[in-house]
Amino acid sequence: MASRLSRTGHENRFVNSLSDYGLAAEIPLSFVDVGLKETHPILSIKDTIQCLDDAGKLDILFQGNGEAQFKGFWLNWERLQPQHPIFVAHRGREGHCIPISIHCDEGTSLKKRQIMIVQIGRASCRERV
């Protein structure tokens, strides 16, 4: 389908078929007050993770990792950032805390409209200290 849409110049329609392949999730919009007349729509990270969990797609975020890998991440992270709040709030439960990396960047759509691109993934800490 992606190839066909590309050949016909309709790439922007591909997003409409993502749910057919199990690649979409109904993440609810939240609204926050940013000091303007109207509230600003956002995709909350908490809502995103909850939505993935509700849809049985949390493995997308885990990327095949589990408690041992998460605990190992926080062990390495503690060497780099020993004052991080996780080591007070979740001491002894680090293996149940998923380290998440978030990258945001502004881009443009195929029709040259502004779009905010948000990439969420499990953080990786491979540095040796």
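# Notebook: predicted model, one protein chain

**Secondary structure.** I counted the elements first: the protein chain has 5 helices and 4 strands. I took helices (H or I, at least four residues) and strands (E, at least two) as DSSP runs, numbered from the N terminus. Along the sequence I read the order as α-β-β-α-α-α-α-β-β.

**Ground rules.** I am working on a predicted model, where local features need pLDDT of at least 70, side-chain atom pairs count only at pLDDT 80 or more, and totals for chains, interfaces and linings use all residues. I number residues from 1 along each chain as its sequence is written, and side-chain values use heavy atoms, with hydrogens and water left out.

**Overall dimensions.** I looked up the radius of gyration, taken over C-alpha atoms. The protein chain has 19 Å, whereas a compact globule of 129 residues would have a value near 14 Å. The globule rule I used is 2.2 Å times the number of residues to the power 0.38. I noted that the C-alpha trace spans about 55 × 40 × 30 Å along its principal axes.

I call a residue buried under 20% relative accessible area, exposed over 50%, and partly exposed in between (1.4 Å probe, protein chains only). Of the 129 residues, 19% count as buried.

I took contact to mean heavy atoms within 4.5 Å. Among contacts with a separation of 6 or more, 36% come from residues 24 or more positions apart. I then compared the charges: the mean positions of the 16 positive and 15 negative ones are 6 Å apart. Lys and Arg count as positive, Asp and Glu as negative, and His and the chain ends are not counted. I placed each charge at NZ of Lys, CZ of Arg, CG of Asp or CD of Glu.

**Cysteines.** I searched the whole structure for disulfides, meaning pairs of cysteine sulfur atoms within 2.5 Å, and found 0. Cys51 is in no disulfide, and the nearest cysteine sulfur, that of Cys104, is 18 Å away. Cys51 counts as buried because its relative accessibility is 11%. Cys104, at 45% relative accessibility, counts as partly exposed.

**Gln63.** I flagged Gln63 for its backbone: phi is near 55°, a positive value in a residue other than glycine. I find Gln63 in the loop between helix 3 (59–62) and helix 4 (67–80). With 48% relative accessibility, Gln63 counts as partly exposed.

**Lys71.** I located Lys71 in helix 4. Lys71 has a relative accessible area of 52%, so I list Lys71 as exposed. Leaving aside neighbours within four places in sequence, Lys71 is in contact with Glu94 and Gly95. I also checked Lys71 against Ser44: they are 27 residues apart along the chain, and their C-alpha atoms are separated by 25 Å.

**Ile115.** I placed Ile115 in strand 4 (residues 114–122). Its relative accessibility is 41%, so Ile115 goes down as partly exposed. Not counting residues up to four places away in sequence, Ile115 touches Asp105, Glu106, Gly107, Thr108 and Ser109. For Ile115 and Asp105, 10 residues apart in sequence, I have 8.6 Å from C-alpha to C-alpha.

**Thr8.** I found Thr8 in the loop between helix 1 (2–7) and strand 1 (30–32). Thr8 is partly exposed because its relative accessibility is 44%. I checked Thr8 against Gly56, 48 residues apart along the chain, and the C-alpha atoms are separated by 34 Å.
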